[in-house]
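Visitor: Could you take me through this structure, feature by feature? I would like the general idea before each case.

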Amino acid sequence: MQSVDTLIYAGWVIPVEPEGVVYEQYAIAIDDGKIVEILPNEEATSRYLGRVTHRLATHVVIPGLINAHTHAAMTLLRGFADDLPLHEWLTTRIWPAERAFMSPEFVADGTRLAIAEMLRGGVTCFNDMYFLPEVAGDVVNEAGIRATLGLILLDFPTIQAQTPDEYLQKGHEVHAIYKNHHLIRTAIAPHAPYTVSDTPMQQGAEMADSLNIPIHIHVHETKDEVDQAFINHKERPLARLARLGVVSSRLVAVHATQLTDEEINLLAEHQATVVHCPESNMKLASGFCPVQKLLNAGVNVALGTDGTASNDDLDMLGEMRTAALLAKAVSHDARSVSAAQALTMATLNGAKALGIEEITGSLVVGKSADLVAINMSELETQPIYNALSHLVYTVSRDKVTDVWVAGRQLLKSRVLISLNVHDIQVKTHEWHEKIALFAQQME
Ligand SMILES: CSC[C@H]1O[C@@H](n2cnc3c(O)ncnc32)[C@H](O)[C@@H]1O
Ligand SMILES: [Zn+2]
């Protein structure tokens, strides 16, 4: 009999690798933060003794969900500006609000609110792009979640820096803080082709190469972005990024709703990632990412919520369902984005995008124990012919009961362990009072 830190008996285990497989009545043995074995319940009983044992006979256990694109602290702006297209939404509402309120406190309180919501929805890792990543990093550390922090890059001055050189310098400093952290990584994050000019864009790509980290950027989000770029640069944004050395296996291209077949091939040849954010794209009427075409071409497609000001939640189970349904609706093909593919996009493909597929993204022996348990016993999920189908098409995030990151339990029977919900509610209320006043003055 082998003693392990944690032994989880589950009704179903969906490992994601191999795609589409569902194990019934299986157990997961965890030690030192890692998955030691995944085996039938009866075998686990005779082989392992858990120092802590969880009996989750009515639950499905999956790898932690990876939100491959968000702006965590923007959660304080949830519902702040609705029913506007991207450019107007950003320039007349969101950026003025960010200019007015951006501070270390805004980032800390907003990021804490976002992490609490993500953990309660089964997210164990997120790819963030926001101001003051070192402040977000402190909160990520406190919460015990896994994250990749964007080292943002812009042409214009913000609280982060005054010049592109200063953004890059700050980026180096933040990278140095986290380079040996067990849960936190960094990525270069030029905001978008239309906010970063050629020289800093190229320098950002070189910095990503020298630090061996991803490049996280909004790209081809709307038709207007592509049309304007053609007027300004006589080039489509993706062609410009390719010329500047940004298109590579490091590229995490967010949105990509406007892609020609040649551009899809370019992304495939360079083994780039596209992050599909279907709900944000629908709310801002940005367009549809050709997900099935990208998958067929061999492009790694991950899933993200975007910020709550354009979603308006950080619900990755919901995003999976939207991705699977929307792909069928726009392609007129019910086989587009199967339930298994949607789950792979929300887990393993996110890990690949962030260069952490050896560590997380699927339930494989030796990987980190980043796990989510979801209760399937209630009548809304009965009967159960196929637990994987239910996960994508039926389950809602309030059925997430338990979450572990690197073997540490962060959600227990829906109670957050590392974060204080009362404190988060109080701070959020204080921010709401100030921001609501500002919104009234804007009208
Ligand atoms: C430089 S920090 C990130 C920056 O991005 C803004 N933002 C949020 N959502 C979107 C989007 O869908 N497209 C482009 N930019 C977006 C956010 O407000 C921050 O200013
Ligand atoms: Zn975004």
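Guide: What follows covers the ligand shell, the database record, helix packing and backbone geometry.

Guide: The model is predicted: local features need pLDDT of at least 70, side-chain atom pairs count only at pLDDT 80 or more, and totals for chains, interfaces and linings use all residues. Residues are numbered from 1 along each chain as its sequence is written, while chains are lettered from A and ligands numbered from 1 in the order in which they are written.

Visitor: Which residues are closest to ligand 1?

Guide: A residue is near a molecule if its C-beta atom, placed from the backbone, lies within 6 Å of it. Here 19 residues surround ligand 1. The closest are Ile 94, Ile 152, His 191, His 218 and Gly 307.

Visitor: What is the class make-up of the shell around ligand 1?

Guide: Ala, Val, Leu, Ile, Met, Phe, Trp, Tyr, Cys and Pro count as nonpolar; Asp, Glu, Lys and Arg as charged; the others, Gly among them, as polar. The shell has 10 nonpolar, 6 polar and 3 charged residues. Its largest share, 4 residues, comes from H2. Helices (H or I, at least four residues) and strands (E, at least two) are DSSP runs, numbered from the N terminus.

Visitor: What does UniProt list under "binding site"?

Guide: UniProt positions are given in the numbering used here, feature names are shortened, and annotations may be inferred rather than shown by experiment. The unreviewed entry lists His 69, His 71, His 218 and Asp 306. They span 238 residues in sequence, yet no two of their C-alpha atoms are more than 11.7 Å apart, so they gather at one spot. His 69 sits in strand S5 (residues 65–70). His 218 is also among the residues closest to ligand 1. The unreviewed entry also annotates residues 60–409 as "domain: Amidohydrolase-related". That stretch is 43% helix and 18% strand.

Visitor: How do H2 and H16 pack?

Guide: Axes are lines fitted to C-alpha atoms, for helices over the stretch in contact, and angles run from 0 to 180 degrees between N-to-C directions. Helix H2 (residues 86–101) meets helix H16 (residues 421–442) at about 130 degrees, with axes 11 Å apart. Under 35 degrees counts as roughly parallel, over 145 as roughly antiparallel, 65 to 115 as roughly perpendicular and the rest as oblique. H2 and H16 are therefore oblique to each other. Contact means C-beta atoms, placed from the backbone, within 7 Å. Pro 96, Ala 97, Ala 100 and Phe 101 in H2 meet Ile 435, Phe 438 and Met 442 in H16. That contact has 7 nonpolar, no polar and no charged residues.

Visitor: At what angle do H5 and H6 cross?

Guide: Helix H5 (residues 164–178) and helix H6 (residues 198–211) cross at roughly 15 degrees, and their axes come within 10 Å. They are therefore roughly parallel to each other. Contacts come from Pro 164, Leu 168, Gly 171 and His 175 of H5 and Pro 200, Gln 203, Gly 204, Met 207 and Leu 211 of H6. By class, these are 5 nonpolar, 4 polar and no charged.

Visitor: Where are the cis peptide bonds?

Guide: Most residues other than glycine have a negative phi, and most peptide bonds are trans. A cis bond joins Glu 17 and Pro 18, with omega about -5 degrees. Pro 18 lies in the loop between strand S1 (2–13) and strand S2 (23–31). Another cis bond joins Asn 311 and Asp 312, with omega about 15 degrees. Asp 312 is in the loop between strand S12 (300–303) and H12.

Visitor: What is the phi of Val 337?

Guide: Val 337 has a positive phi of about 40 degrees, although it is not a glycine. Val 337 lies in the loop between H12 and H13.

Notes:
Contact = placed C-beta atoms within 7 Å.
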